[in-house]
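Here is a friendly walk through one protein model, written for someone who would rather look than calculate. Please keep the structure open beside the text as you read.

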Amino acid sequence: MGDCGAPGDVNSNVLMARSTGDAQLDKAVWQWLSWDKNQKTKEQIESLLQDGKHGELRERLCCRLSFGTAGLRSAMGAGFCYINDLTVIQSTQGIYKYLKRNFSDFKQRGFVVGYDTRGQVTSNCSSKKLAKLTAAVLLAKDVLVYFFSTYVPTPFVPYAVQQLGAVAGVMITASHNRKEDNGYKVYWENGAQITSPHDKEIIKCIEECVEPWNGSWNESLVDTSPLRQDPLKKICDSYMEDLTKICYHRELNMQSSLKFVHTSFHGVGHDYVQLAFRAFGFQPPIPVPEQKDPDPDFSTVKCPNPEEGESVLLSLRLAEKESAKVVVATDPDADRLAVAEQQENACRVPHLASPCSGCWKVFTGNELAALFGWWMFSCWKENCPQDADIRNVYMLATTVSSKILRAIALKEGFHFEETLPGFKWIGSRVKNLLDNGKEVLFAFEESIGFMCGTSVLDKDGVSAAVVIAEMATYLQSQGLTLAQKLVDIYEMYGYHISKTSYFLCYEPPTIKRIFERLRNFDGPQSYPKCCGAYNILHVRDITTGYDSSQLNKKSVLPVSKSSQMITFTFQNGCVATLRTSGTEPKIKYYAEMCALPGHRSVLEEELQKLIEALIGNFLEPAKNGLTWRSA
């Protein structure tokens, strides 16, 4: 963990008397108790030391957080591998060092800090407090800091970075993770999440300056420093104004009788979604009272993830009571969106088999992407200048997402591109396209992350919520529902039947063993040639950079050694991917088959059988102790 200097105010005799017999662990304990000024987390380590729980101490203190798909994310609590006051200070000191090295005007251009409403009483840890400490580190070094005076949606931070010309920004959030977690999401000057090599270089800088500097603990600087500015009003007003650039039917919205219900899942979304609806000319959506206000315990849901079916039940009941036809749900940090629509006659859309409650259809991320893709292209086509070149138009998706946008692009003549999983890859690529004079209409990842337009180079649940509301309003004026339009899209561009789910696995060695077995299936460095009765045509392994479909056997997509991801293309046309989550202890699987409308029912049956073979032959849940996704 680097040379960390002498201990601070800890009695060395006491520490020597409690020696663990492990020099590395003793040093780590010494460092923690010397540096941590949070009494709660300090007491947690002292208690473990006093009780002789050296194994748990080693787990907490002898490894460090590393950047994943969404920056730093972990449980809140004491230890160098947890999110807490000290690790956030250390991370910010590393970022300061890296930014100072890369930007001569860093202090003048400034840094953006936002936060959600998470918190944990037992560790005296909250998103706002962590944000204040982030700001304190920088303010103490005379850096201009744009610190939001209240909680904001995650998309506001990358938006503010670009609008204010800041060099970078941080959002303190764990998005839709369980209540015990928190995170530290870093954005670069381009408004996109950081990618390699920035993440690796920042980690190096963190390790070079882990002892807190003078002033790093002074969170009161947020209230007293003249270098702290509150960007809330400016950014909120500007965001809502920019949002109207993708509003195409304001008069229709103002006249519409269609009602919407919105749930913010005990997070930050309520006020901002209300404002977004007003910006589009709508009456504000009806909020779910039990879930409207921030609540770090997420008391009405088992999991604050709108992808999990049971979590939207409260909003469906309210919608039925209020005669609202459409429900929009933003996750706790409002960067993702789930949508449900009441079906008057369920049998009219029998093949759209996503989780339902009664006569409600909850759309999958891939289904919503089909609707957004059609909508954003149709609106562009109707409103673009006469001399607009469709060859300059782009849409993007992550490689594990549905290929529906590719089908639309092939038929309509615009470009479609794939990226690695994670919006950090989409954001960076979109920025590159924009800098080269291209126009990007839409991008998505299947886990209900959508980017409509390019005001924010990240997924944005606030803008997606109001765009889907305008789409539903327009379709109602045409005598159609969202579900019916989805059928039309599949009829026009081909059916894309997909299935996505996951298993929980808390043992990293088990995960590694599963994927290494696939890489050495029929012998050393030999991938499987079939999965049960299904022959495999090609294999792509993003972790190693191998792709059997390429002449040079090298993957076109960048190698990502820090995560596991293998894609199988089957002879029957199915494409299936197994990968680990970058933010949660999950092994995810994705599978999709495409066909003309007449072959839909056979396709669904074939896909289900193939998924069962994939799970049974490649994941072996019983043998590997994997926990199935709860129904």
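## Domains of the model

Please keep in mind that this is a predicted model. The protein is divided into four stretches: domain 1 covers 63-236, domain 2 covers 241-362, domain 3 covers 367-493 and domain 4 covers 496-628.

Domain 1 and domain 2 touch each other, with 22 residues of domain 1 in contact with 20 residues of domain 2. Taken over C-alpha atoms, the centres of domain 1 and domain 2 are 30 Å apart.

## The six-stranded sheet

Start with the open sheet built from six strands, which follow the order E1-E7-E6-E2-E5-E8 with mixed pairing. Strand E1 (72-75) and strand E8 (228-229) are the edge strands; each has a single partner strand, so one side of each has no neighbour in the sheet.

## The four-stranded sheet

A second stop is an open sheet of four strands, ordered E16-E15-E17-E18, and its pairing is mixed. At the edges are strand E16 (415-419) and E18, each pairing on one side only. On average, neighbouring strands of this sheet are turned by 15° against each other, with direction ignored.

Within the sheet, strand E15 (residues 393-398) runs parallel to E17, and five bridges join the two. Met395 stands opposite Phe442 in E17. Helix H16 (residues 365-383) packs on the sheet, where it touches E15, E17 and E18. The direction of H16 makes about 170° with that of E17.

## The hairpin at the sheet edge

Strand E17 (residues 439-445) also pairs with E18, this time in the antiparallel sense and over four bridges. Glu445 has Gly449 of E18 as its bridge partner. Three residues lie between the strands of this hairpin, and Ile448 takes a positive phi near 50° there.

Which way do the residues of E18 (residues 449-452) point? Gly449 and Met451 point one way, while Phe450 and Cys452 point the other way. All of these residues are buried.

## Two crossing helices

Now move to helix H21 (residues 508-519) and helix H22 (residues 600-619), whose axes come within 10 Å and cross at roughly 100°.

Which residues meet where H21 and H22 touch? Ile514, Arg517 and Leu518 come from H21, and Asn617, Phe618 and Leu619 come from H22. Sorted by class, this contact has four nonpolar residues, one polar residue and one charged residue.

## A closer look at Glu59

Finally, take a look at Glu59, which lies in helix H4 (residues 54-61). Is Glu59 buried or exposed? Its relative accessibility is 57%, so Glu59 counts as exposed.

Leu25 is 34 residues away from Glu59 along the chain, and their C-alpha atoms are separated by 9.8 Å.

Definitions and conventions. Residues are numbered from 1 along each chain as its sequence is written. This is a predicted model: local features need pLDDT of at least 70, side-chain atom pairs count only at pLDDT 80 or more; totals for chains, interfaces and linings use all residues. Side-chain values use heavy atoms; hydrogens and water are left out. Two strands pair if DSSP finds at least two bridges between them. Axes are lines fitted to C-alpha atoms, for helices over the stretch in contact, and angles run from 0 to 180 degrees between N-to-C directions. Contact means heavy atoms within 4.5 Å. Ala, Val, Leu, Ile, Met, Phe, Trp, Tyr, Cys and Pro count as nonpolar, Asp, Glu, Lys and Arg as charged, and the others, Gly among them, as polar. Buried means under 20% relative accessible area, exposed over 50%, partly exposed in between (1.4 Å probe, protein chains only). Domain bounds come from an automatic or database domain assignment.
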